[in-house]
Amino acid sequence: MTTSQDTISFEGQAAIVTGGGNGLGRAYCLELAARGAKVLVNDLGSSISGDGSSTQHAETVAEEIRSKGGEAIAAAADVTDKEAVAAMAQQAKDAFGRIDILIASAGIIRDKSFGKMPLDQFDMVADVDTKGAAYCSHAVWPIMKDQGYGRIVYTTSGSAVFGNFGQANYAAGKLGVLGLLQVLKIEGARSNIHVNAIAPAAHTRMSDAYLMDKLKPLYGPEKVAALAMYLASADAPNGDIISAGGGFYGLVQFMEAEGAILDDPTPEKIRDSWGAVSDMSAAQYHFDLASEQNSIVRRVCAKAGVDIDV
């Protein structure tokens, strides 16, 4: 059991951080290195809308780490390119001998109301956010399984969980990450691979135009980085989604109402029972689909007088 005096250390561990050349990703890289990790800094070097590419951002952060006595290498892999991502993972494995941590922070935004959004603009943003996280996870997964240890931290968004005007592409991509998390938390558990996600709010180049000036000093990336370090550590939970920003940290969960079980259901009966169907006062969290379905099966069978053991 850890105590408040125990310092989280990543000595002997290696990490990959995508989107590591700016903002939150840069903060993650620097803090990982300060705590002893060897870091592969990945950044395509594009704008916040995904335009252009350059190795400069990743190289600059890697050099900053090395100048402070840390060990870091840079990669400009496009996270939507499966072969480039696989090569990046191999680069980290060859350089460091292992991969303990993946923080998937790469993301782009191209905001526009849904009716006016070209579908290629939808695809581009959603691909970076969901496929990028999946490709990177797939590349490090066998390495982590062979080690019997791994920590993966995804970046989701309040836009995905709660909605935000003009961000259908971004919200869909960031919600896709949570679907990935819900499965990998189960599949990785036996290999001591924990998967969690952060819905961050911080002053970065992506948020600069949206965040009120008075809030910018309060929303430093380092406050989200503190959470990322915990979720990347040996003490991390598994399967959690945390909203973080300005020093606030709060668990976010998908909950299911106690609901109603109806005999001979009709649309009219569902309509008339909507109060019970939508009453969240006794809502429950389920870790996985089996837990959720077993809970329902037990209640359905009890109401029907059917004896079942699930």
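Student: Where does asparagine 192 lie?

Tutor: In this predicted model, asparagine 192 sits in the loop between H6 and E6.

Student: Why is asparagine 192 called partly exposed?

Tutor: Buried means under 20% relative accessible area and exposed means over 50%, with partly exposed in between. Asparagine 192 has 30% relative accessibility, so it counts as partly exposed.

Student: What is phi of asparagine 192?

Tutor: Phi of asparagine 192 is near 60 degrees, a positive value in a residue other than glycine. Most residues other than glycine have a negative phi.

Student: How do you know that aspartate 264 is exposed?

Tutor: The cut-off for exposed is over 50%. Aspartate 264 has a relative accessible area of 63%, so it is exposed. Aspartate 264 is found in the loop between E9 and helix H8 (267-272). Its phi is positive, about 45 degrees, although aspartate 264 is not a glycine.

Student: What span is expected for helix H3 at 1.5 Å a residue, and what span does H3 reach?

Tutor: H3 covers residues 82-96, which makes 15 residues. The expected span is 1.5 Å times one less than the number of residues, and for H3 that is 21 Å. From its first C-alpha to its last, H3 reaches 21 Å, close to the expected value.

Student: Which residues of H3 are buried?

Tutor: Val85, Met88, Ala89, Ala92 and Phe96 are the buried residues of H3. They cover an arc of only 95 degrees around the axis, and therefore they lie on the same side of H3. An α-helix has 3.6 residues a turn, so residues three or four places apart point the same way. On the other side of H3, Glu83 and Asp94 are exposed.

Student: What covers the buried residues of H3?

Tutor: The cover includes strands E1 (14-18), E2 (38-42) and E3 (72-75), together with helix H4 (119-147).

Student: Which residue follows H3?

Tutor: Glycine 97 follows H3, and its phi is positive, near 85 degrees.

Terms used. Residues numbered from 1 in each chain as written. Predicted model: local features only at pLDDT ≥ 70, side-chain atom pairs only at ≥ 80, totals over all residues. Heavy atoms only, no water. Helix = DSSP H or I, 4+ residues; strand = E, 2+ residues; numbered from the N terminus. Buried < 20%, exposed > 50% of the residue type's maximum accessible area, 1.4 Å probe, protein only. Arc of directions from axis to C-beta. Contact = heavy atoms within 4.5 Å.
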